[in-house]
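Biologist: I have the sequence and the model open side by side. Please take me through the local features, one question at a time.

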Amino acid sequence: MDDVESESCVVRNLEDVESVLSFAKLERRDIKPTVQCVIFSQELDNDSIKLLELDSTVLKCLTVGDRVVIRGDKDDGAVLCTKDKTYEMKEAETSNSLLIIPDLKFGADLSNDGEVHITYNQVTSVLNNYYELRPCKPKVKKMKELLEKNLYSGKECEQDEQHQGKKYTYSDLLDVIQASDTEITQALHHIKACLIDGYWRLLDFDFQTQIINHIMQLCDENDWLNSGIPMEECCQTLEELFQRSVIEHMIDCYCDKRIEETNENVFKINEDKVCRFFAELLLRGSGQFNYKEFLQVWQQSVPDGMKTNMCQLEGLALTNLDCNIPVIWHFPVDDLPEDINERFDFLFRTREKWTRDDITPYIKDLVTDKLDVGALLTRHARASLQNGIKVFNSRKPLNK
């Protein structure tokens, strides 16, 4: 009580309490016996405490004992992650001073019995800033960029100089990717990452092509396009050429599992995914491709019985059908900027005017519970009519 005694000239006593009750027209029986007086510490510590405003979802996570973690490298803005959501942390100011009083008790914690007595509670910090949380999209583009630095091309290539880059376990990714555990798992599935010897790897595209071609050859030889691919038989046939985990991964990426009465793992080829793969094989590194020629070559490249259509290229390629020679080129949505403003700037630099159907595949991953595609276009684009067709262009001037 040394601090209290040294500040006795400013702290209240029982006579002061009686005086306050009189002014307030209250009786002693109207208050609890414990009277808490607030005094300021002579040494305020405003740097060791940060205040965080929580929404009901994050508060519930903490109250039930779930983990909440703040993620970000030195150059990143901090985000807070629950097990399945990501929140941007933004510093905010308040005109009201926020007092930190560690020993202060609330009404429910105070007894109703006993004589009136005074306790002195010190203010240890006075803050005018706090952090507020805003739900945001997970920042997972960095994960693809990291994994692309060391692509997997087969065990025999692992000692090559080009495959000596860092490899990432799931735990490693949690340390560097600003997303929740669930969102990181979903992103790994989306970019078709494969777990190989405990590390998450992206497969080199040429290596994927080798595996797909072998699987398609087996399908042709055994009529598996119709009956389905028996996982065990396929793996046993190809294990001398490729690692089993990689074969299983490729089948999982390009097939749909089918439940059999024999409980055997049988997978049905997903026609759209396979056609899309062969389209990307043709378009990667080809620049602008004559559109009509592409359609012919694409159909010839897919397994017999499969039918190609442009819907399979959503978010993968762009076309220009209005020029003298219609063209198509590789334009994958996964390569676009993650930031919403940068995304729209990039799109409008690529093409000045877009129809809604054309631009939707390139912005639908940005939608939130509050912003659908229409709302995004209203906020970031200007609509107009061109030859009777509604098109969208940038709301602001863009430097080419």
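Modeller: β14 and β15 form a hairpin with six residues between them. Helices (H or I, at least four residues) and strands (E, at least two) are DSSP runs, numbered from the N terminus. This is a predicted model, in which local features need pLDDT of at least 70 and side-chain atom pairs count only at pLDDT 80 or more, while totals for chains, interfaces and linings use all residues. Residues are numbered from 1 along each chain as its sequence is written, and side-chain values use heavy atoms, with hydrogens and water left out.

Biologist: Over how many bridges do β14 and β15 pair?

Modeller: Two strands pair if DSSP finds at least two bridges between them. Leu 318 has Trp 329 of β15 as its bridge partner. Between β14 and strand β15 (residues 327-330) the sense is antiparallel, and the number of bridges is four.

Biologist: Which strands stand at the edges of the sheet?

Modeller: The open sheet has three strands with antiparallel pairing, in the order β13-β15-β14. A strand with a single partner has one side left without a neighbour in the sheet, so the edges are β13 (289-290) and β14 (317-320).

Biologist: Which strand gives the most to the lining of the second largest pocket?

Modeller: A pocket is an open set of points on a 1 Å grid over the protein atoms alone, with protein on both sides within 12 Å along at least five of seven lines, and lining residues have an atom within 4 Å of a point. The second largest pocket has a volume of about 650 Å³, and of its 23 lining residues the closest to the centre include Leu 318, Thr 319 and Arg 351. β14, β16 (354-355) and α14 (356-359) each supply at least two lining residues. With four residues, the strand that gives the most is β14.

Biologist: How many charged residues are in the lining of the second largest pocket?

Modeller: Asp, Glu, Lys and Arg count as charged; Ala, Val, Leu, Ile, Met, Phe, Trp, Tyr, Cys and Pro as nonpolar; and the others, Gly among them, as polar. The lining of this pocket has twelve nonpolar and five polar residues, and its charged residues number six.

Biologist: How much space lies in the largest cavity?

Modeller: A cavity is a set of grid points where a 1.4 Å probe fits but cannot get out; a volume is the space filled by probe spheres set on the points, which are joined across faces, edges and corners. The structure holds one cavity of 30 Å³ or more. The space in the largest cavity is about 30 Å³.

Biologist: Which helix and which strand each supply at least two residues of the lining of the largest cavity?

Modeller: Among the residues lining the largest cavity are Leu 146, Leu 147, Trp 200 and Arg 201. By class, that lining has four nonpolar, one polar and three charged residues. The two elements are α4 (141-147) and β9 (199-201).

Biologist: At what distance from the ring centre does Lys 166 lie over the face of Tyr 168?

Modeller: Lys 166 and Tyr 168 both line the largest cavity. A charge sits over a ring if NZ of Lys or CZ of Arg is within 6 Å of the ring centre and within 35 degrees of the ring normal. For Lys 166 over Tyr 168, the distance is 5.1 Å.

Biologist: What is the angle between the planes of Phe 331 and Phe 346?

Modeller: Rings of Phe, Tyr and Trp (its six-membered ring) pair if their centres lie within 6.5 Å, and planes under 30 degrees apart count as stacked, over 60 as edge-to-face and the rest as tilted. The structure holds eleven aromatic pairs. Phe 331 and Phe 346 form a stacked one, at 6.2 Å centre to centre, and the angle between the planes is 20°.
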